[in-house]
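Look over the sequence and the fold below before reading on.

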Amino acid sequence: MSNRKHSAYEAAGVQIEKGYEAVERMKKHIQRTDRPEVLSQLGGFGGLFDLSKHARSGTHPVLVSGTDGVGTKIVLAQQSQKFDTIGIDCVAMCVNDVLAQGAEPLFFLDYLAVGKNDPETIEQIVSGVAQGCVDAGAALIGGETAEMPDVYSAEEFDLAGFCVGIVDRAQLLDSHNIEKGDVLIGIPSSGLHSNGFSLVRKVFFKDHDWPFETVLANKRTLIDELLTPTRIYVNELLPLIKAGAVKGLAHITGGGFYENLPRMFDETKLQAQVDTDSWHKPEIFAMIQALGEVDEEEMYHTFNMGIGMVAAVAPEQVESVLDHIADAVVIGSINNKTTEQSVILSIKESR
């Protein structure tokens with residue numbers, strides 16, 4: 001009876017046994033992310049995480065959650081058959097958002113939808129998810145792998161994730177913390193991260209047909225440059241948050257500087273002023289701008305331009321933050337609002 005059911009399901013394009021194999025392949029990667037609060041094992045209906053150690057007397061723990069995917073960057077992973085870093089991107093997009101509220105990431109769940117169940121490919125993808133969780137200190141406590149041949153082709157897949165973090169209410173980073181005179185410190189990105197890839201793919205591949213293996217000035221291939229995983233900022237910033245050295249954070253994701261900086265302050269009263277000459281910009285951004293004839297202002301609306309996270313700190317905390325994060329740099333300040341703009345960048349006028 002069981003074999004007949006499996007045969008019928010497989011005839012519809014779903015491979016039950018390969019699904020079991022994929023789960024077995026995942027286990028060793030998931031085990032690397034374990035935390036002592038995890039009470040469940042892979043395979044249950046829900047992941048269990050004990051919060052008792054975080055609810056100490058006199059504290060007010062707040063759970064912070066975030067969910068995200070990796071956008072059309074995933075298309076390049078599919079086309080190039082490079083699967084081991086896209087999972088890091090998925091984790092990074094979620095944990096960096098949670099971190100921006102001051103929270104320590106606790107656990108992560110992923111959702112992977114595939115057109116065809118290939119256990120080796122799934123293992124590579126999940127190994128990246130696990131590596132991202134290790135880098136963020138978060139436990140990978142569960143997930144879902146769905147084989148959907150009527151939705152995706154055999155070579156296609158999609159990946160999304162969900163993260164939960166915790167912060168004491170007194171250390172929550174929100175717009176009430178930020179005031180005139182606070183200094184903006186930029187922490188470099190690892191490259192493009194996971195935003196703007198519809199434009200990236202159009203510029204390099206649809207409009208100019210560049211091969212993946214094109215060697216760039218930095219000696220890397222184009223595909224390796226584009227698939228560089230998103231930087232995870234937890235280990236660098238969490239100690240500063242707990243020490244009270246950081247007043248606010250902005251994760252520079254979709255919408256670039258213009259949309260993300262105002263998310264950390266009261267834009268009815270304040271504005272951010274940013275000196276765009278204060279940091280080094282990876283060459284990939286200049287290439288995109290030149291090849292795509294993209295207006296410079298639009299570049300800062302779309303990409304991180306080399307800065308993946310911006311911290312707002314009090315002037316007296318600047319040196320300690322710069323000492324703690326070796327590649328961090330002062331990029332601007334918070335001032336009283338004098339124009340309608342919430343963000344003023346020192347860039348050239350739009351063409």
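Where is Asp89 found? Asp89 is found in helix H4. Helices here are DSSP runs of H or I with at least four residues, strands are runs of E with at least two, and both are numbered from the N terminus.

This is a predicted model: local features need pLDDT of at least 70, side-chain atom pairs count only at pLDDT 80 or more, and totals for chains, interfaces and linings use all residues. Residues are numbered from 1 along each chain as its sequence is written, and side-chain values use heavy atoms, with hydrogens and water left out.

**Asp89 and the whole chain**

Asp89 is buried, at a relative accessible area of 0%. Buried means under 20% relative accessible area, exposed means over 50%, and partly exposed is in between (1.4 Å probe, protein chains only). Not counting residues up to four places away in sequence, Asp89 touches Val70, Lys73, His193, Ser194, Thr228, Pro229 and Thr230. Contact means heavy atoms within 4.5 Å.

The chain has 12 helices and 10 strands. Of its 351 residues, 51% count as buried. Take the contacts with a separation of 6 or more: residues 24 or more positions apart account for 84% of them. The chain exposes about 16,400 Å², and carbon and sulfur atoms supply 50% of that area. Areas come from the Shrake-Rupley method with a 1.4 Å probe; for residues, only the protein chains shown count as cover.

**Cores**

The largest nonpolar core holds 52 residues. Such a core is a set of buried Ala, Val, Leu, Ile, Met, Phe, Trp, Tyr and Cys residues joined through side-chain atoms within 4.5 Å. Leu99, Phe108, Phe157, Leu237, Val246 and Leu249 touch the most other members. Helix H4 (residues 86-99) gives the most to this core, with 9 residues. The core draws at least three residues from each of domain 1 (8-168) and domain 2 (182-346). Domain bounds come from an automatic or database domain assignment. Apart from this core lies another, of 41 residues, among them Phe257, Met299, Tyr300 and Ile334.

Phe108 has contacts beyond its neighbours within four places in sequence, including Cys90, Cys94, Val129 and Phe162.

Val203 sits in helix H6. At 1% relative accessibility, Val203 counts as buried. Its C-alpha atom is 5.3 Å from that of Gly292, 89 residues apart along the chain. Leaving aside neighbours within four places, Val203 is in contact with His208, Ile288, Leu291 and Gly292.

The whole structure has 7 aromatic pairs. Phe204 and Phe205 form a tilted pair, 6.2 Å centre to centre with 50° between the planes. Rings of Phe, Tyr and Trp (its six-membered ring) pair if their centres lie within 6.5 Å; planes under 30 degrees apart count as stacked, over 60 as edge-to-face and the rest as tilted. Both Phe204 and Phe205 are buried. Phe204, Phe205, Trp210 and Phe212 form one aromatic cluster.

**Positive phi**

Most residues other than glycine have a negative phi. Two residues depart from this:

| Residue and phi | Loop | Relative accessibility |
|---|---|---|
| Asp209, about 55° | between helix H6 (197-206) and helix H7 (222-226) | Asp209, 62%, exposed |
| Met305, about 55° | between helix H11 (296-302) and strand E8 (307-313) | Met305, 3%, buried |
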